[in-house]
Amino acid sequence: MLSALMMYAMASLVITVIPGPTMLLALTNGLTKNSSVIGLGIAGAIFSDLLLIGLVAVGLGSLLAASEILFSVVKWIGVGYLFWLALQLWRSPSGLSLSGTKGAPQLSGSQAFMRSLLVALSNPKGVLFFSAFLPQFIIIDEPQLRQYVAFALVTATIDIVIMLCYALGGLQAARLLTAAGLRNINRFCAAFMLLLAGGLAVYKKL
């Protein structure tokens with residue numbers, strides 16, 4: 001099982017490093033210089049990992065993979081939510097507020113948690129990834145619950161490390177850049193998130 005865990009960890013690390021919606025959120029959360037926002041944003045993404053792997057473990061991931069209607073519903077919810085987040089990021093001058101207007105309420109830790117959680121759960125590619133990829137490393141002859149727990153912990157650890165790197169990058173940028181520079185980072189993330197939303201909109205199951 002140890003060798004399977006190591007192979008899964010290496011493959012998962014390569015995939016996780018590639019910027020996705022949750023990684024972009026970790027970066028923009030870092031711009032706030034708020035430890036609660038950074039920490040709870042990461043916690044929301046990790047909680048989604050555990051939920052998705054749990055769904056796969058009990059067989060619900062296969063249901064999503066098999067149902068065109070359910071897949072489409074989740075996909076378009078994800079597209080809409082990513083588009084909305086992109087607009088919020090574009091309007092925000094420095095990543096410090098939700099609406100981007102002067103004096104607007106600051107992003108709270110609970111909002112960061114829910115934002116990361118909903119982004120991950122509304123992306124059907126995550127469930128399909130775990131449904132198609134993770135089971136390949138499961139050893140049928142050994143207790144499967146213990147294996148799924150181990151893979152969930154490995155996934156969570158990798159995500160925490162990578163998201164911390166993105167968040168620290170945002171934190172460093174917030175310390176060094178001017179307000180205009182921070183606004184440009186937000187708009188870059190917003191544009192990239194729109195690109196991801198477009199990619200999800202045209203994504204079809206194999």
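1. Tyr 166 touches Val 17, Ile 18, Pro 19, Met 23, Ala 26 and Leu 27, leaving out residues up to four places away in sequence; a contact here means heavy atoms within 4.5 Å. The structure is a predicted model, in which local features need pLDDT of at least 70 and side-chain atom pairs count only at pLDDT 80 or more, while totals for chains, interfaces and linings use all residues. Residues are numbered from 1 along each chain as its sequence is written, and side-chain values use heavy atoms, with hydrogens and water left out.

2. Tyr 166 also belongs to the largest nonpolar core, which has 29 residues; Leu 82, Leu 85, Val 119, Met 163, Tyr 166 and Met 193 touch the most other members. Helix H2 (21-31), helix H3 (35-57), helix H5 (68-91), helix H8 (144-176) and helix H9 (179-202) each supply at least two residues of this core. A second, separate core has 16 residues, including Leu 52, Phe 130, Ala 150 and Ala 152. A nonpolar core is a set of buried Ala, Val, Leu, Ile, Met, Phe, Trp, Tyr and Cys residues joined through side-chain atoms within 4.5 Å. In soluble globular proteins, nonpolar side chains tend to be buried together.

3. As to the overall fold, the chain has nine helices and zero strands. Helices (H or I, at least four residues) and strands (E, at least two) are DSSP runs, numbered from the N terminus. Of the contacts in the chain with a separation of 6 or more, 84% are between residues 24 or more positions apart.

4. Of the 206 residues of the chain, 47% count as buried. Buried means under 20% relative accessible area, exposed over 50%, and partly exposed in between (1.4 Å probe, protein chains only). The chain exposes about 10,400 Å², and carbon and sulfur atoms supply 73% of this area. Accessible areas come from the Shrake-Rupley method with a 1.4 Å probe, and for residues only the protein chains shown count as cover.

5. The whole structure contains four aromatic pairs. In one of these, the rings of Tyr 8 and Phe 151 have their centres 5.0 Å apart and their planes at 75°, so the pair is edge-to-face. Rings of Phe, Tyr and Trp (its six-membered ring) pair if their centres lie within 6.5 Å; planes under 30 degrees apart count as stacked, over 60 as edge-to-face and the rest as tilted. The pair links distant parts of the chain, with Tyr 8 in helix H1 (residues 2-17) and Phe 151 in helix H8, 143 residues apart. Both Tyr 8 and Phe 151 are buried. Ring pairs join Tyr 8, Phe 137 and Phe 151 into a cluster.

6. Thr 155 lies in helix H8 and is buried, with a relative accessible area of 2%. Apart from residues up to four places away in sequence, Thr 155 touches Tyr 8, Asp 49, Ile 53 and Phe 130.

7. Where does the largest pocket have its centre, in terms of the residues nearest to it? Of the 28 residues lining the largest pocket, Ile 15, Gly 20, Pro 21, Thr 22 and Asn 123 lie nearest its centre. About 760 Å³ of space lies in this pocket. H1, H2, H3, H6, helix H7 (124-133), H8 and H9 each supply at least two residues of the lining. On a 1 Å grid over the protein atoms alone, a pocket is an open set of points where a 1.4 Å probe fits, with protein on both sides within 12 Å along at least five of seven lines; lining residues have an atom within 4 Å of a point. Grid points are joined across faces, edges and corners, and the volume is the space filled by probe spheres set on the points.

8. Phe 83 has its place in helix H5 and counts as partly exposed, at 43% relative accessibility. Leaving aside neighbours within four places in sequence, Phe 83 is in contact with Leu 194 and Ala 197. Phe 83 and Gly 198 are 115 residues apart in sequence and 8.8 Å apart in space, C-alpha to C-alpha.

9. Most residues other than glycine have a negative phi. Lys 33 has a positive phi of about 60° although it is not a glycine. Lys 33 is found in the loop between H2 and H3 and is exposed, with a relative accessible area of 51%.
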